[in-house]
Amino acid sequence: MGAIGGAVRVRHDLHTRLINARARTDELFHIVRDEALYDRPIPERHRIIFYLGHVESFDWNLLAQRAFGLPSFHPSFDKLFAFGIDPVGGGLPTDEPSDWPAREEVESYNQRLRAELDQAITKALARPSEGHPQLASMLEVAVEHRLMHAETLSYMLHQLAADKKIPAPRESVWQTPRAKSHLVEIPAGVATLGLHRVNGDEFGWDNEIEEHEVEVPEFAVDIYNVTNREFMSFVQRGGYEDKSLWSDEAWAWIKKENIQHPVFWRRAGNLWMYRAMFGLIQLPLDWPVYVSHAEATAYAKWFGRKLPTEAQFHRAAYGTSDDAVERQYPWGDELPGARYGNFDFSHWDATPVGSYPRGASAFGIHDLVGNGWEWTRTTFEPFPGFTPMPFYPGYSANFFDGKHYVMKGGSPRTAACMLRRSFRNWFQPHYPYVYATFRCVED
Ligand SMILES: [Fe+2]
């Protein structure tokens with residue numbers, strides 16, 4: 001296939017990917033019972049109804065006018081559903097359910113919007129030379145934006161009471177022998193961060209550019225993520241009561257919110273329970289603990305260790321003993337598949353650490369990609385050569401404030417396309433609802 005034929009194939013593929021991504025978000029709204037659509041499961045975020053409109057209006061605001069010259073048919077909805085909330089230190093939203101439009105109105109807006117966009121995309125793909133030169137990148141942005149919401153909506157619906165959700169079929173119980181963690185030495189070497197553009201048409205967000213090498217001195221890293229069992233020792237030995245383990249801001253936060261254990265845990269008399277996606281279960285001791293950056297940092301300090309840097313994560317995940325060879329994924333260069341880890345929507349919850357030995361890195365480190373994002377101690381900052389994406393300038397730049405930390409890897413609800421090596425996720429340190437875990441290093 002020639003260059004033009006190849007371009008057409010890629011673009012058609014993008015339309016299919018957009019349609020598939022829509023099925024992912026549709027699936028999430030279907031598990032919400034009707035009466036809960038106007039609930040706000042996370043106090044700092046919008047009500048669920050906002051996201052029903054947002055994932056569609058985002059595509060419309062990105063593509064309609066810019067790529068296709070389509071006039072707005074509902075300007076007030078385009079605006080109402082345009083922006084989410086990043087809750088850094090601000091007050092909580094105070095809107096009422098009655099401030100939002102009826103479900104039917106939002107759904108008919110969504111239907112018309114999809115129909116108009118699909119028609120325009122099909123037309124543009126038939127004549128690629130006449131379309132917007134950046135249409136392919138814009139479609140990638142639409143696909144990945146929606147898939148990111150498919151993940152963050154899962155965090156949100158996770159916090160919605162089980163009786164407000166339509167449960168998925170029960171997942172089988174994992175029988176994995178209990179894995180005992182220990183440190184693994186990683187020799188000094190080079191880690192390549194950022195996106196390498198081979199053909200110039202690989203998609204990456206602005207914060208992934210440019211590719212660059214970082215020298216990483218020797219260090220040692222946990223072979224597995226910290227489990228609920230291990231984190232229990234920290235809870236029971238007073239980790240949440242020892243001010244010396246917390247930064248001033250983190251201490252103020254846990255005191256103000258009265259946080260005494262991970263948000264996914266529940267105390268029931270003498271028993272510890274766990275809030276899984278579709279109900280309470282006994283605390284799964286062998287699952288990775290999901291915690292905020294502040295809690296992960298306090299645990300590491302209690303242990304006399306640290307969280308890894310972004311470069312150390314890269315070295316542990318993609319490095320090999322031959323400095324000239326780095327892998328695309330921890331397991332090698334093969335594309336992500338279910339045998340390599342817990343990601344790409346196969347499961348709603350975590351699996352025991354060490355359940356995917358075939359996904360281990362060259363240094364034998366487990367679960368680096370999947371089963372929970374991994375906190376690093378690296379603040380989210382631009383790579384050298386950073387330029388904001390022209391049609392979404394605030395995507396990364398709005399968060400270079402020293403108040404967000406890089407997460408790497410991926411969770412059970414991270415789409416396969418975002419498991420690429422250069423992908424960077426970030427969150428502020430006092431947000432406990434993310435499927436984020438950690439491991440410690442000594443350096
Ligand atoms: Fe969004």
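Start by selecting helix α5 (residues 135-158), where His145 and His149 both sit, four residues apart, or about one turn of the helix. Helices here are DSSP runs of H or I with at least four residues, strands are runs of E with at least two, and both are numbered from the N terminus. Before moving on, note that this is a predicted model, in which local features need pLDDT of at least 70, side-chain atom pairs count only at pLDDT 80 or more, and totals for chains, interfaces and linings use all residues. Residues are numbered from 1 along each chain as its sequence is written, and side-chain values use heavy atoms, with hydrogens and water left out.

**The iron site**

The protein donors are His54 (NE2), His145 (NE2) and His149 (NE2), lying 2.2 Å from the iron ion. A donor is an N, O or S atom within 2.8 Å of the metal (3.2 Å for Na, K and Ca); water is not among the atoms, so sites may look incomplete. Along the sequence, the donor residues are spaced H-x90-H-x3-H. Are His145 and His149 buried or exposed? Both are buried, a word used for under 20% relative accessible area, with exposed meaning over 50% and partly exposed in between (1.4 Å probe, protein chains only).

Next, go to the loop between β2 (189-193) and β3 (212-216) and pick Glu210. The peptide bond leading from Ile209 into Glu210 is cis, with omega near 5°.

Then select Asn258, in the loop between α7 (248-256) and β5 (265-268). Its phi is near 55°, a positive value in a residue other than glycine. Asn258 is exposed, at a relative accessible area of 54%.

Phe345 is the stop after that, in the loop between α9 (310-318) and β8. Here phi is near 70°, again positive in a residue other than glycine. Phe345 is buried, with a relative accessible area of 10%.

**The sheet**

Finally, colour the four strands that form an open sheet in the order β10-β9-β8-β11, with mixed pairing. β10 (425-427) and β11 (436-437) are at the edges with a single partner strand each, so one side of each has no neighbour in the sheet. Two strands count as paired if DSSP finds at least two bridges between them. Zoom in on β8 (residues 373-379), which pairs with β11 in the parallel sense over two bridges. Which residue of β11 is the bridge partner of Glu374? Select Thr437 to see that partner.
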